[in-house]
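The sequence and structure come first.

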Amino acid sequence: MDEVVITLGGVVKPGTARKNKTGSWKVFKPVVDHEKCILCMRCVNYCPEPCISVVDEKIEMDYDYCKGCGICGDVCPVDAIEMVYETKG
Amino acid sequence: MIMRKVVEGSIAVAHAVRTIKPDVIAAYPITPQTHIVEKISEYIANGELNAEYVRADSEFSAISILVGASATGARTFTSTSSQGLALMHEVLFNAAGMRLPIVISVANRALSAPLNIWNDQQDSISQRDSGWIQFYAEDIQEAHDLLAIAYRVSEDIEVRLPSMVCMDGFILTHAYEPVELFEESEIRDFLPDYNPEVYLTTENPLTFGALATPEYYTEFRYVQTRAMERAEKKIAESLKEFNEHFQRGETDLLPVHGPEDGDVLVVSSGSLVSTVKEVAEKLGNDGFGVKVGKMLCFRPFPADAMRKIADGVDKVIVFEKDVSPGSEGAIFSEVKGALYHSENRPEAYGFAVGLGGRDVPERVLEKLIMECIRGERKEGFHFGDVRPVREAIL
Amino acid sequence: MNPPDFFGPGHRACAGCGCVITLRHVLQALDGKCFVVNSTGCMEVVSTPYPESSWDVPYIHSLFENAGAVASGIESALKALGRKDEGKVVVIAGDGATADIGVQTLSGMLFRGHDVLYICYDNEAYMNTGVQMSGLTPLGAHTTTSPAGKVIPGNSLDKKDMPSFALAHKARYVATSSIAYLGDIKKKVRKAGGIVGPSYIQIHSPCVPGWGYDSSKTVEVARLAVETGLYPIFEYENGELISVRKIKKRKPVEEYLRMQARFRHLFKDERGKEIIEKIQEIADMNAKKFGLDA
């Protein structure tokens with residue numbers, strides 16, 4: 001059997017949950033229309049994962065973690081985010 | 001230089017705490033423990049002890065405060081009794097699981113109902129599965145000394161488990177005896193500062209208290225059990241080193257007193273051991289070979305040592321101040337459990353005595369031992385000092 | 001331009017969780033310079049399955065009901081060890097942990113004056129165990145222990161007034177907030193973070209499965225709670241009411257209730273109508289007490 005590591009008192013290192021890719025949960029995924037986007041940051045601030053950031057002055061969704069809740073689209077003031085059905089490849 | 005003084009048991013304990021210098025102390029009053037925290041309050045008020053002293057809103061909060069403080073890297077202390085220890089129950093398991101070396105003193109007292117403020121050991125015995133090391137002091141000197149040993153063992157990286165140092169309420173907490181009190185300098189030589197490897201700090205933001213799924217939980221309990229096994233070795237070592245350092249105190253995990261070739265072994269814990277020793281000596285003078293095993297620590301349970309001291313005896317008798325209704329006394333069960341694996345299984349008798357502060361005079365113990373020796377008692381568990389009872393609805 | 005985060009992705013919270021939004025912004029407001037004490041509950045369970053953690057700040061979970069005491073202990077230890085400058089001690093606790101089972105340890109912490117910021121993320125029921133009624137479940141809400149039945153139409157009690165509880169303990173700073181207003185959360189948490197002494201902030205944090213709405217509507221439903229007057233947003237400093245979030249045109253409570261499955265039964269019959277009237281009275285009383293109407 002594989003050996004398991006049990007730390008003293010179960011102490012865990014920070015941020016280690018990143019290996020848990022919750023992106024597999026989603027049914028719909030948010031897609032950004034960069035033409036419409038005004039970089040207001042609302043989606044960035046409201047994402048519960050968080051998995052939305054600005055990269056090269058563009059909103060980028062990290063689909064590895066996005067659970068597809070749709071909050072980003074709902075809070076977008078210019079309707080720049082559309083939730084599309086995720087087809088699993 | 002030895003500082004020998006006649007002091008009350010609680011004051012001796014408070015003194016030991018002062019020299020051990022915990023960083024955080026939480027306190028909540030309960031009889032018969034109260035004199036300990038009162039004395040510590042005095043030290044704090046007079047600047048004789050420099051610690052954060054938190055007057056908690058309950059024993060549950062007191063021990064929870066220590067969980068937070070200990071996880072932050074502080075040395076911690078509190079003291080309690082009976083209902084207070086029962087109220088701590090949930091946190092006791094938590095502290096042990098988090099491997100926090102908290103040390104508390106317990107002034108043993110009966111549990112309600114019916115309400116009873118007097119001594120027995122039901123309170124701490126009932127916490128036997130909580131993962132805490134449990135020491136039982138025979139006298140005030142030992143209650144004082146065991147605190148230093150408890151911190152040393154608990155804080156050892158090989159162990160990292162919490163300890164409770166139990167002393168019989170009133171019998172030891174409120175009695176006066178001459179005690180060799182620690183000097184601050186000598187305690188520092190015996191007990192190094194507590195510098196944990198992992199603790200809560202923004203420098204290295206670790207997560208304490210993760211949840212373990214069925215995939216991991218068993219291994220957590222397993223390593224806790226292994227740590228307790230290592231604690232047994234560490235306690236034995238610490239006792240010896242303490243004795244070398246201070247020229248006093250027991251040197252064995254399960255000290256045995258009386259004739260080595262005695263054919264009767266009496267096992268007991270706490271202040272009762274002193275009475276049992278007196279009785280054994282008297283019976284020895286009458287020609288009976290009775291030796292006494294002192295349950296200095298109940299957790300870890302010294303099963304190997306128990307088999308060793310019971311080797312060759314015909315009868316084992318346990319006197320204890322607790323009972324598990326529907327079963328028997330916990331110490332009796334565990335002594336028998338240990339002896340099941342010995343080649344020569346002696347007859348076993350267990351007696352609950354001294355419940356709820358009932359006095360246990362020598363003559364009661366002598367009578368019970370003699371009844372066992374003469375074969376007048378059935379093997380098994382009995383109430384040793386119960387009066388005839390007629391049950392009634394009202 | 002991206003805000004630094006101290007609660008990372010990979011956590012197991014439900015899609016659209018309002019509580020995580022609260023968490024993110026509390027930690028951001030404190031620049032991650034804090035010690036988190038987390039009661040048993042959703043945020044604990046979703047973030048720390050061994051050997052993983054979603055936290056980038058020192059974090060401890062002990063039990064359900066002892067966060068106030070554990071936080072007191074950490075703060076005392078930091079003092080004793082001369083490490084007070086390391087950061088603020090912050091409790092993150094759900095409404096059940098705060099208003100029910102942990103009320104004693106919270107009381108002790110506030111009373112003793114520990115330098116601790118206590119954040120209650122209020123999702124209005126025991127969500128982690130499957131939506132059971134808590135002391136902060138609102139009137140009329142269906143939960144699994146206050147179900148909308150043929151005889152009893154959901155929860156017959158209304159929310160415990162925990163801000164007043166904190167005020168009665170002379171907490172230095174007491175406030176409410178909502179994930180509908182992230183700037184408000186940030187401002188209040190920063191303020192409390194700078195105050196030496198106990199503070200209490202209760203943040204309305206919607207729960208998708210517990211309240212029964214589409215996961216994208218978390219912010220919308222939170223905003224409606226405020227705009228109807230059901231979740232007044234205010235702050236007290238040293239016992240004085242210093243600010244209230246005014247509402248331009250207070251909306252009828254039906255707008256908020258209708259969005260959520262937990263109140264659906266109230267729209268089915270006369271009895272429900274009466275409860276809605278009572279809920280409207282609660283909103284009206286809030287408006288009067290805090291002067292919510294702009």
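## Contact between chains A and B

In this predicted model, the contact takes 10 residues from chain A and 15 residues from chain B. The size of an interface is often given as the accessible area lost when the parts come together. Between chain A and chain B about 1,100 Å² is buried, and carbon and sulfur atoms give 78% of that area. Of the area that chain A buries against chain B, 49% is supplied by A:Ile6, A:Leu8 and A:Val11, more than by any other three residues.

Strands of a sheet pair through backbone hydrogen bonds, either parallel or antiparallel.

| Sheet (chain B) | Strand order | Form and pairing |
|---|---|---|
| Seven strands | S3-S2-S4-S5-S7-S6-S13 | open, mixed |
| Six strands | S10-S12-S11-S14-S15-S16 | open, mixed |

In the seven-strand sheet of chain B, the edges are strand S3 (52–55) and strand S13 (297–299), each of which pairs on one side only. Neighbouring strands of this sheet are turned by 20° against each other on average, direction ignored. Strand S6 (residues 133–136) and strand S7 (residues 163–168) of chain B run parallel and are joined by four bridges. Within this pair, B:Gln134 stands opposite B:Met164 in S7(B). Helix H8 (residues 214–246) of chain B packs on the sheet and touches S6 and S13 of chain B. The direction of H8 makes about 35° with that of S6(B).

In the six-strand sheet of chain B, the edge strands are S10 (256–257) and S16 (380–383), and each pairs on one side only. Four bridges also link strand S11 (residues 264–268) of chain B with strand S14 (residues 315–320) of chain B, and these two run parallel. B:Val264 has B:Lys315 of S14(B) as its bridge partner. Helix H12 (residues 362–373) of chain B packs on this sheet, where it touches S11, strand S12 (290–294), S14 and strand S15 (347–352) of chain B. Its direction makes about 155° with that of S14(B).

## A helix pair in chain C

How do helices H1 and H7 of chain C cross, and at roughly what angle? The axes of H1 (residues 18–29) and H7 (residues 182–194) of chain C come within 8 Å and cross at roughly 45°, which means that H1(C) is oblique to H7(C). The crossing of H1(C) past H7(C) is right-handed. H1(C) contributes C:Ile21, C:His25, C:Val26, C:Gln28 and C:Ala29 to the contact, while H7(C) contributes C:Leu182, C:Ile185, C:Lys186, C:Val189 and C:Arg190. By class, this contact of H1(C) with H7(C) holds six nonpolar, two polar and two charged residues.

Conventions:
Residues are numbered from 1 along each chain as its sequence is written. Chains are lettered from A and ligands numbered from 1 in the order in which they are written. This is a predicted model: local features need pLDDT of at least 70, side-chain atom pairs count only at pLDDT 80 or more; totals for chains, interfaces and linings use all residues. Side-chain values use heavy atoms; hydrogens and water are left out. Axes are lines fitted to C-alpha atoms, for helices over the stretch in contact, and angles run from 0 to 180 degrees between N-to-C directions. Angles under 35 degrees count as roughly parallel, over 145 as roughly antiparallel, 65 to 115 as roughly perpendicular and the rest as oblique. A crossing is left-handed if the near helix is turned anticlockwise from the far one by less than a right angle, and right-handed if clockwise. Contact means heavy atoms within 4.5 Å. Ala, Val, Leu, Ile, Met, Phe, Trp, Tyr, Cys and Pro count as nonpolar, Asp, Glu, Lys and Arg as charged, and the others, Gly among them, as polar. Two strands pair if DSSP finds at least two bridges between them. Buried area is the accessible area (1.4 Å probe) that two parts lose on being put together, summed over both.
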